[in-house]
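Here are a few notes to go with the model. Have it open while you read.

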Number of protein chains: 2
Amino acid sequence: MIKIDKSLINNEVLHALSIKSKKVTFQRNEIVAEAGKTCNYIFFVRKGLLRSFYYDRKGKDVTNWFASEEMIITAAQSFFKREPSFLGIEAIEDTVVRAISYEQLEEMFQEYHSLERFGRLVMTEIMMAVGKKAIYLQVKSAEERYHELIKTYPDIFYRAKLGHIAGYLGITQQSLSRIRANTT
Amino acid sequence: MIKIDKSLINNEVLHALSIKSKKVTFQRNEIVAEAGKTCNYIFFVRKGLLRSFYYDRKGKDVTNWFASEEMIITAAQSFFKREPSFLGIEAIEDTVVRAISYEQLEEMFQEYHSLERFGRLVMTEIMMAVGKKAIYLQVKSAEERYHELIKTYPDIFYRAKLGHIAGYLGITQQSLSRIRANTT
DNA sequence: TTTAACATTTCACCTATGTTAAAAAACAGA
DNA sequence: TCTGTTTTTTAACATAGGTGAAATGTTAAA
């Protein structure tokens, strides 16, 4: 759930980005990046909804992150460290993205100092978003986490499955169902 | 718990950093950055141990992060976004740091493209460390989180108070004491 | 329109962690 | 070394959320 603030990039770089990136479409339920393989792309979502996910020790599917219109998503650790990913990414809806490969992005970082800066600022945004999630998991109840999620990202309620949302919140789908029943 | 890999910076920039930064010492229990105020410095720890912390809704002190030798710490959201901090930072031991102000760091980012790049890489490391913490809180039991912490950062066991560690793990100090009793 | 697959809710019971309070242990200053 | 303070442990009880299973609801293909 990281929105990109394009006003931080100048037009020249924005143009270069649009040339280097390619448009890709995915169908609902299609795998966008496979767990176990190195993730070579960062995706800018134009239309649709994606989630990254992994399997916990007991084999349960856990949603790690969502991304919809104007947001970015990748398997960050794999993409930036060039190693196999423990995260998979899938399209939850029919989705259109623009994808930039690691090599292309690296080239552009070399070429445009201002993009390197933008990259640092985006990474700072991501870090704070992830940090906020950690703090919520650290001190808020499941119910509070749920209400906060729906408040800041209302359409997730209609667009994602209960089990996906529950996994993201770190609870079971039964617990989330119970929370909904208690508070609606 | 973010170690800095200095091999990613060239000597010229490293030298400039050491000139622009200043050495500061703090006594055990001294406040290094106050919650409610904008945090103007990023700290590179030379000696000692620090923690960042906040108060949850019920007023309970919760440790957010630790930093010891060769690590960095700041109130990231405040420092990078230039806004009042919800985090405080305190020295847990007598501590020596090198501090760089936001203005100085900004100047240096403008001057050295390679530092901007380094900043992006460091931010990526931080993001992944925070992401790992979030995942642990999402799917691991308190006991697993405790053992992982002690495994990856053994001296925290001797150097930090039980209550600080418990807060970091997202549990009460009584629960952590119980976990220790069960497994020692 | 029926049926099969999938998603959500409900329920009874269980367990990890929280809460409150007190005892024990460790530590720091005189 | 003694003493007051802080930290850690222990214990009894409370509760949020997990588990497994079944019931109900929804969707979409045939």
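**Notes on a helix pair and the chain interface**

1. In chain B, helix α5 (residues 142-152) and helix α7 (residues 162-169) have axes that come within 10 Å and cross at roughly 115°. Axes here are lines fitted to C-alpha atoms over the stretch in contact, with angles from 0 to 180 degrees between N-to-C directions; helices are DSSP runs (H or I, at least four residues), numbered from the N terminus.

2. A caveat: this is a predicted model, where local features need pLDDT of at least 70 and side-chain atom pairs count only at pLDDT 80 or more, while totals for chains, interfaces and linings use all residues. Residues are numbered from 1 along each chain as its sequence is written, and side-chain values use heavy atoms, leaving out hydrogens and water.

3. Who touches whom in that helix pair? B:R145, B:Y146 and B:L149 of α5(B) meet B:I165, B:Y168 and B:L169 of α7(B), with contact meaning heavy atoms within 4.5 Å.

4. Now the two chains: chain B superposes on chain A by a rotation of 180° with 0.0 Å of shift along the axis, RMSD 0.0 Å (least squares on C-alpha atoms of residues with pLDDT of at least 70 in both). The two copies are thus related as by a two-fold rotation axis.

5. The contact takes 39 residues from chain B and 39 residues from chain A. In chain B, B:R120, B:M127 and B:Q138 lose the most area to chain A, together 21% of what that side buries.

6. The interface of chain B and chain A has 12 salt bridges by the rule (a side-chain nitrogen of Lys or Arg within 4 Å of a carboxyl oxygen of Asp or Glu). B:R57 and A:E144 form a salt bridge through their side chains, at 3.3 Å, N to O.

Methods:
Chains lettered and ligands numbered in written order. Helix = DSSP H or I, 4+ residues; strand = E, 2+ residues; numbered from the N terminus. Buried area = accessible area lost by both parts, 1.4 Å probe.
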